[in-house]
Amino acid sequence: MSDHFPEGLLMNYHLMFKKFKKEAILAVQKAVKAGLWRSEREPAYDILRAMFTNLNTIYGLPTLVLIVDDHEYYSRVTDMIALPKPSLVSALHEYRHHMQHYGLGHYEDDEIDARGWSVSLFRKALPKSFKKAWSEGKIWFMPPYPTEQE
Amino acid sequence: MAFFQKQPKEGENWVEYEIPSMPVAGEAAAMFRITAPPKEYPDADLHLAIERAVGRFNREHTPEYKRGDVADLYIDRKGDTFRIKVSYWPNASEGQI
């Protein structure tokens with residue numbers, strides 16, 4: 001893993017990763033097209049499970065389990081992700097911890113790495129949705145959305 | 001802070017705690033299983049460790065941050081000790097997209 005962060009990029013998580021596998025971008029787009037943001041809770045969790053299956057195939061990683069719980073977490077002990085809500089960015093964040101577990105992390109700080117990877121992939125796959133969500137403050141850890149004067 | 005507790009590691013909006021495993025047994029286990037929400041839990045031990053990490057975060061970061069500001073947890077285990085990284089952000093309980 002890298003020892004340092006790009007100068008000035010610490011909070012600009014959407015700029016921390018520039019290149020992604022094309023199939024990973026498609027997997028994220030497919031989840032949204034399948035109705036992730038329009039579905040009821042249970043079908044939405046199933047859409048995320050399908051996305052994880054696709055990502056595991058793309059990155060060659062072991063199966064993981066997605067459960068509903070009070071807290072959002074990734075357990076290396078059991079290869080398990082928990083989400084209180086079927087959030088795309090949260091799902092990608094926790095999936096990045098799964099990648100880190102199997103040696104696919106990049107930045108030394110695994111939280112920074114997970115925030116950067118998930119937000120950057122969201123921006124890459126769904127640029128309009130990313131911009132809207134950022135401007136509405138719906139993405140954690142991001143700096144304030146830049147105004148036109150900036 | 002008690003002498004046996006290590007100082008937590010900290011980074012950009014996260015703090016890592018070492019939580020000794022406390023196997024739940026007997027009557028306590030029966031009580032715990034009633035309150036443990038998901039059936040998928042591989043062991044009650046993990047759930048208890050999560051609650052202890054969140055509780056410790058809450059105690060150490062009040063009043064600046066509260067329980068609902070816990071964004072996510074990254075859990076590892078070395079032997080009998082859970083290593084739980086608690087990441088936080090204001091109003092995380094409201095969720096993100």
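Within chain B, confidence is lowest in helix α1 (residues 26-35), at a mean pLDDT of 56. The highest value falls in strand β4 (residues 81-88) of chain B, at 96. Here pLDDT is the predictor's confidence in each residue, on a scale from 0 to 100. Helices (H or I, at least four residues) and strands (E, at least two) are DSSP runs, numbered from the N terminus. Over chain B the mean pLDDT is 82, and 73% of the residues reach 70 or more. For the complex, the predictor gives an ipTM of 0.91 and a pTM of 0.89.

The model is predicted: local features need pLDDT of at least 70, side-chain atom pairs count only at pLDDT 80 or more, totals for chains, interfaces and linings use all residues, and side-chain values use heavy atoms, with hydrogens and water left out. Residues are numbered from 1 along each chain as its sequence is written, while chains are lettered from A and ligands numbered from 1 in the order in which they are written.

Chain A contains five helices and three strands. Their order from the N terminus is α-α-β-β-β-α-α-α. The C-alpha trace of chain A spans about 45 × 35 × 30 Å along its principal axes. The radius of gyration of chain A is 15 Å, which agrees with the value near 15 Å for a compact globule of 150 residues. This radius is taken over C-alpha atoms, and the globule rule is 2.2 Å times the number of residues to the power 0.38.

Of the 150 residues of chain A, 53% are buried. Buried means under 20% relative accessible area, exposed means over 50%, and partly exposed lies in between (1.4 Å probe, protein chains only). Chain A exposes about 7200 Å², and carbon and sulfur atoms supply 54% of that area. Accessible areas come from the Shrake-Rupley method with a 1.4 Å probe; for residues, only the protein chains shown count as cover. Contacts require heavy atoms within 4.5 Å. Among contacts in chain A between residues at least 6 apart in sequence, 56% join residues at least 24 apart.

Chain A carries 19 positive and 19 negative charges, and their mean positions lie 10 Å apart. Lys and Arg count as positive, Asp and Glu as negative; His and the chain ends are not counted. Each charge is placed at NZ of Lys, CZ of Arg, CG of Asp or CD of Glu.

A:F52 lies in helix α2 (residues 41-59) of chain A. A:F52 is buried because its relative accessible area is 2%. Leaving out residues up to four places away in sequence, A:F52 touches A:L64, A:L66, A:I81, A:A91 and A:Y95. A:F52 and A:Y13 are 39 residues apart in sequence, with a C-alpha to C-alpha separation of 22 Å. A:F141 belongs to the segment after α5 (127-135) of chain A. Phi of A:F141 is near 70°, a positive value in a residue other than glycine. A:F141 has 5% relative accessibility and therefore counts as buried.

Chain B has two helices and four strands. Along the sequence they follow the pattern β-β-α-α-β-β. Buried residues make up 44% of the 97 residues in chain B. The accessible surface of chain B comes to about 5500 Å², with 53% belonging to carbon and sulfur atoms. Of the contacts in chain B with a separation of 6 or more, 56% involve residues 24 or more positions apart.

B:I84 is found in strand β4 of chain B. With 0% relative accessibility, B:I84 counts as buried. Neighbours within four places in sequence aside, B:I84 is in contact with B:V15, B:E16, B:Y17, B:I19, B:A49, B:I50, B:A53, B:L73, B:Y74 and B:I75. B:G68 is 16 residues from B:I84 along the chain, and their C-alpha atoms are separated by 17 Å.

Two backbone features of chain B follow. The peptide bond from B:T62 to B:P63 is cis, with omega near 5°. B:P63 is in the loop between α2 (44-61) and β3 (70-78) of chain B. B:N91 is not a glycine, yet has a positive phi of about 60°. B:N91 is in the segment after β4 of chain B. At 38% relative accessibility, B:N91 counts as partly exposed.
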